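This briefing accompanies the sequence and the 3D structure shown below. Please read the points alongside the displayed coordinates.

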Amino acid sequence: MTRAILLAAASGIALTGAVYADAHSGKSITVVSWGGAYTKSQVEAYHKPWIEQTGNKIVSEDYNGGLAEIKAQVEAGNVTWDIVDVELSDAVRACDEGLAEELDMSALPDGADGTPAAEDFIAGTLDVPCAVPTIVWSTIFAYDKEKMEDGPTTMADFFDTEKFPGKRGLRKSPKANLEMALIADGVAADEVYDVLGTDEGVDRAFAKLDSIKDDVVWWEAGAQPPQLLADGEVAMTTAYNGRIFNAVAAEDKPFEIVWDGQIWDLDLWIIPKGAPNKEAAMDFLKFSTGTQALADQASWISYGPTRKSSSPLVGSYDGKPDLKMGPQMPTAPDNFKNALQNDFEFWADNQDELNERFNAWLAS
Amino acid sequence: MTDASYQTAPLPGAPSDASGALLAADGTPLKQRLRQAMKVSRRRAFLLVAPLLVFILASFVVPIVALLLYQGAYNDTYEARMPASTALLQQWDGVSEPTEEMAAAMVADLAAARESKEIGKVASRVNQELSGTRSLMTKTARRAAKMEPPYLAALIDRDKDWADIETWGAMKLASTSLTPAFYANAIDMKYMPDGSFEDQEEQRQIYVSLFVRTLLVSGGVMIACIFLGFPVAYLIAHLPARKANLLIILVLLPFWTSLLVRTTAWIAMLQSQGVLNDMLVFLGVTSDDSRFSLIYNMTGTVVAMTHILLPFMILPIYSVMKAIPPSHVRAAKSLGATDWTAFWRVYFPATIPGIGAGGLLVFILAIGYYITPALVGGSDGQLISNAIAYHMQRSLNYSLAAALGGILLLGVLVLYWLYDRIVGIDNMKLG
Amino acid sequence: MSSLPPYASTGQKVWHYTFLVICALIFIFLITPILIIAPLSFNAEPYFSFTDGMLSFDSEAYSLRWYQDIAQNGMANPDQPTSWPLFWEWLWKGLSPFHTAPPSFYTDMWENAQWIRAMRNSFFIGFFATIIAVTLGTLAAIGLSRSEMPARGLIMSVLISPLIVPLVVTAAGMFYFYSNNFNPSSWLLGNEEADRWILAQTYLGVILAHAALGTPFVIITVTATLVGFDKSLVRAGASMGAGPAQTFWKIQMPLILPGVISGGLFAFITSFDEVVAVLFLAGPEHRTIPRQMYSGIREQISPTILAVATILVILSVILLATLELLRRRSERLRGMSPS
C-alpha cells in the first residue's frame, strides 16, 4: 500500500514538472479565438506565415466569447492573453471600460494596392480606438434544398409556417431574432433599429416571434445549426454563414443560404490592457490585418475580409479550385442587397432589459 | 469515555489535603489538575481542527459572504468615479426638477470619468437601472469637457433624455452604493428613486418564476428518486450478502462515473436520433417523422438529474432498511396482519428516516444544479443557477448574480439546518 | 425476498415477480446509459446514434477514429512519423529534468493536443487538491472525533458546508474574491508597490477551490473509520513510552488508513469531475477533462466526447474496485466480517 502511494506521489511530481517546464520554454504570444473551423482559418492564414516570418511561437486558445475572462484578468492585473478575437459589441465595451489597449491605427500597413489603411478598411469599421476588424460575418438562414425544392427566398418565408411547414432553428438570444422578426414583418432594413427603439416596436417583434414559437428549436453554439439541418430536426434555421458554407464545401451537404435580411457584424482583434507581450501581439495584429493575410483567410472560411484591397485577391476554397470564394461572402453585391448591420450601441443599451424580456417570453 | 472518568473513584491511600480533596503528585488539588488537563486536550483537539477551519473560512466562507453580502448589497461603481454628482443626487428627493447645480456636477464628473477612461463602467452601472442610459452617458461624456454653462440646457441640448426626471432617477439609484436594488431585482421588484418598491414590469418578471421552477424540478426529481430508489433499496436490503454486494456495486458505478459522462450518455439516449427514439420507432410506437423530443427541454433535465441523484437516495434508505429487525414484520404477521398491512403499518414507518435523509440530500443537491440543465435543459429546463452563471459570465452584472445567489444560498442553508436537525450531519455516509 | 416460501399464494407470487421486474427496469435505467456510450464511441460516422451498419455488426461501421482524435485534436502536425523508439526517447527525455525531448509526434501531442493537455491539467490539479484535502481533512477529523472538541457541531457543519452550498454560488464567490489582491503586504501595510497576488486564472486558485470542495469527503470517511477506533490502543502505546507522533503514525494511522485513502479517492474524483469552479476560475490553459467535455458538448458535438467518456467509465470501474478492496480490508482490520 505504502509503495502504491509513493508511486502515485512520484508520478504526480513528474507530471508537475512536465507541466511547469512547458509553460516556460521559449517566447510566445497567446492568441485567443473561437475554435473550430474559424480558428483553423486563422491558423492557416495568420499564425503559420507569421511564425515562419518572425520565428516567434503562438499558443492558440479557444474561448466562448464574452468579456468575463478578459475583465477578470485585467482587473486582477494578471493578464495572460496577448490578443483576443471579439465581437464588435464586446470590443466597444472593452474599450469603454478600459479593458483593452488603445491602438495606434496609423501603424497599420497600407493596402497591397497602396491605399492607406484608414481608407482601405470598410467605412466605419475602424471607429473603435482599441480594436482592428478582421472579418465580416453574418447571421443568415438556411435550408436543405433536397427536402424543399421551391425553397424560401425572403425573411418573411422563414416566419411563414403555412407556406413552408416544418420546425425552425433560432439562436437562444434576443439578438438578431428581434431584427429578423421585424424585417419579416415588413420593416425596411434601415429602419429596424428605429422601430426596435420604441416599446411598440419591441412588442411587434415579440408578436412576430410568438407566431412561430411552438415550432422553434433553440440553438446556442454555432456548430448546432448545420447539425440540426443535417439531422432533419428543423426545416430551416438561422446560422452563421461560415458554418453553413463549411458544411456545404467540406461535407457536401445540400444546404442553401438565404441572404435576404442578413444581419452582418464584425470580428475584431483587441489587445487586453497589460498584455504580457504587447509588442509581439501588435506585430501579429499588423501582420494578420494585412491585405494578403485577410485574403488568404477567405480561402478557408466564407467570412469577408474587412479590407477593400483584399477582395480582388480572394481565391477559391482550399483544395477545390472550382469553388470561388468571392460570391460566398456576406459582402458580395448579390448577397448584400437587403442587409442590416448589427447595431452594437442599441444592444449595449438594451440587452439587459431585452434579455430579461426574452427569457420571460421563453418561459411563458 | 474521557481520561477524567478513570480517576473519579477515590483510591485508598491517595494523597489528600486538609479538606479531604484529592491531590496530584505535585501537591495541587486533583480537580484543578483535571481542569488543566482538560484544557490542554481541548486545545489540542482544536489545534488539529484549526488548519482546516482556517482554510475553509479563508477560501470558502469569506469569499461567499463577501460576494453575497458585499457585492449583492453594495456597489460603489458610480460613487467611486462620480463623487461630485453623487453628493448632490443623494440630497435630491427624486421627484422635483433637477437643478443647475446637479447638472454642473454631472458634467464635471462625466468629463473626469471620460478622462480616466472609466466612463464605460459607470455607464454600464446606470444602464442596469434604466435601459438606454449607457449610450446617453458615453455620448454626453465625449462632449462634456467642452460644455459651457448653463449646464442643464447644455445636457438637454446634447440629448433630450436629460430633461427626463427618470434619467436623473436612474443616476440617483446608481449613486446609492448601499442599495437593496439588486435583491429587489432578484425577486422581480423595483427599487424606486424615492425609496419605495414597485413590481417589475410584467414582461421582465423572470426570477421568481425561475426560483419556483427550480423548486418544482428539485421536488420532482426528489419524488422520482424516492419512487425509484425505494424498491431498489428494499431489494438489496433483503438479498443475501453476496448478491446484495453485486447490486450495490451496480448502484455505485453511476455514482462514481463523471457527471459529464452521464450527461453525455443521456444526450446519446434521448436525442431525436438517439437510442430510445430509435427503439420506439423500431417497436412501432411512433413513426420516423414524429420522434419524441425528450432532450433539450424540461424532460431531459428531470431525467438526467434523477439518474445522477438516484444513488444519493438509494444508499441512505438501504442503510436504514438494513437496520430494521426482520422480526418486526414477522411479529405483525403472526398477529394477523396481511402482507400489505405488515409492510405499510410496521415496515414502512421504520424506513421514513432513510427516505427523509435521502430526500433532503437529493433536494439540496438538485436545487443548486447547473451543468446538467445548461447542457440538456434547452429553453424551458434552465434553473436559477443558470441565471446566476449568466450574470457572472455574460452580462457581468455581479451584483445581481450575488443577490440571486444570496437568496438561493439562504434556501439551501435552511434545508441544511433541517437536515442537521433531522438526520445529523454526522450520519452522512458515502458509499 | 430472495426466494418465496413454498406456501406462497398466487397473489404473493405475482407480486413477487412484478416487484423483481420493476427493480430490473430501475437497474436498466441506472446502468444502460453508461454502457451505451462504449459501443457508440467506436462509430465510424460522426454521429451520436447507432448506424444501420453498426446494428448489423458490419466491421466497416466501427472504427477507432475518435480515440485517435483524442490524441491528435489540436496537434500542430499530426502527420509526423510514429514509432516505438521515438516514443521511448520522448518518454525518457521528457520525464528527465536534464534533457529536453526532441521535436517529434509525441512532443507535439504532449504539448498541443487539447485532450492530452486537459488530462495533464486534471491530474495535476487533482493531485495537489487531494494532498491538501487529505492532510487538512484527516487532522481535522481526528480532532473532531475527540470528545473534548469544543463547539463540535457548529465547526462540523461549517466544514461540511462546501458539499451543500450550490456550486455556482461557491464558484462565483471564489471568482469574485480570488480576483482581488491577496498580497498581505499591500493588504495590511498598504504597500501599493508590492507584487499583486491574484488567484483567479491560476492553477493555484483552482487547486485551492478543489481542495475546499474535497475536504468534506475526507472528514466524512475518516470520521467513519474513527467511530470504530478503540482509543485504548493509543493509551496502551503511550503507556509503553511512545510519544504522540509515534502513537499516531504506528497505531492510529494504519487503522484509519482505509478511511484516509477512500477519502482521498473521493477528494480526487471530486476534483477530477468538477466543472463549475473550473469554468469560473480557470483560463483556457488550465482546462480540465470535464471542462473540455463541457465545451465539447456545447460546441462541437463530436463522438470524441464519447471516446473520452468511455475511458472515464473504465477509470471509474477501476476506482470502484479499489474502494471495494479497501472497504473489505478495513472491515477485516476492525474485526467485522465482510458483509
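The points that follow are grouped by topic. The structure is a predicted model, and the values given here are computed from that model. In outline, the contact between the two chains draws 24 residues from chain A and 27 residues from chain B, and helix α4 of chain A is largely enclosed by the rest of the structure, because nine of its nine residues are buried.

**Contact between chains A and B**

- Chain A contributes 24 residues to the contact, and chain B contributes 27 residues.
- On the side of chain A that touches chain B, the elements giving two or more residues are α3 (68-76), α4 and α14 (344-363) of chain A.
- Of these elements, α14(A) gives the most to that side, with twelve residues.
- Sorted by class, the side of chain A that touches chain B holds 13 charged, seven nonpolar and four polar residues.

**Helix α4 of chain A**

- Helix α4 of chain A spans residues 88-96, and nine of the nine residues are buried, so the helix is largely enclosed by the rest of the structure.
- The buried residues are L88(A), S89(A), D90(A), A91(A), V92(A), R93(A), A94(A), C95(A) and D96(A).
- α4 is also one of the elements that give two or more residues to the side of chain A that touches chain B.
- Just after α4(A), the residue G98(A) adopts a positive phi of about 70 degrees.

- T291(A) lies in helix α13 of chain A, which covers residues 291-297.
- T291(A) has 23 other C-beta atoms within 10 Å; the threshold for a buried residue is 20 or more, and T291(A) is therefore buried.
- Leaving aside residues up to four places away in sequence, T291(A) touches G111(A), A112(A), R307(A), S309(A), S310(A) and L313(A).
- T291(A) and D113(A) are 178 residues apart along the chain, yet their C-alpha atoms are separated by 8.9 Å.

**Overall form of chain B**

- Chain B contains 19 helices and two strands.
- The radius of gyration of chain B is 32 Å, whereas a compact globule of 431 residues would have a value near 22 Å.
- Taken along the principal axes, the C-alpha atoms of chain B fill a box of roughly 95 × 95 × 35 Å.
- Of the 431 residues in chain B, 45% are buried.
- Among the contacts in chain B with a separation of 6 or more, 67% are between residues 24 or more positions apart.

Conventions
Residues are numbered from 1 along each chain as its sequence is written. Chains are lettered from A and ligands numbered from 1 in the order in which they are written. This is a predicted model: local features need pLDDT of at least 70, side-chain atom pairs count only at pLDDT 80 or more; totals for chains, interfaces and linings use all residues. A residue is buried if 20 or more other C-beta atoms lie within 10 Å of its own, exposed if 12 or fewer, and partly exposed in between; C-beta atoms are placed from the backbone. Helices (H or I, at least four residues) and strands (E, at least two) are DSSP runs, numbered from the N terminus. Two residues are in contact if their C-beta atoms, placed from the backbone, lie within 7 Å. Ala, Val, Leu, Ile, Met, Phe, Trp, Tyr, Cys and Pro count as nonpolar, Asp, Glu, Lys and Arg as charged, and the others, Gly among them, as polar. The radius of gyration is taken over C-alpha atoms; the globule rule is 2.2 Å times the number of residues to the power 0.38.
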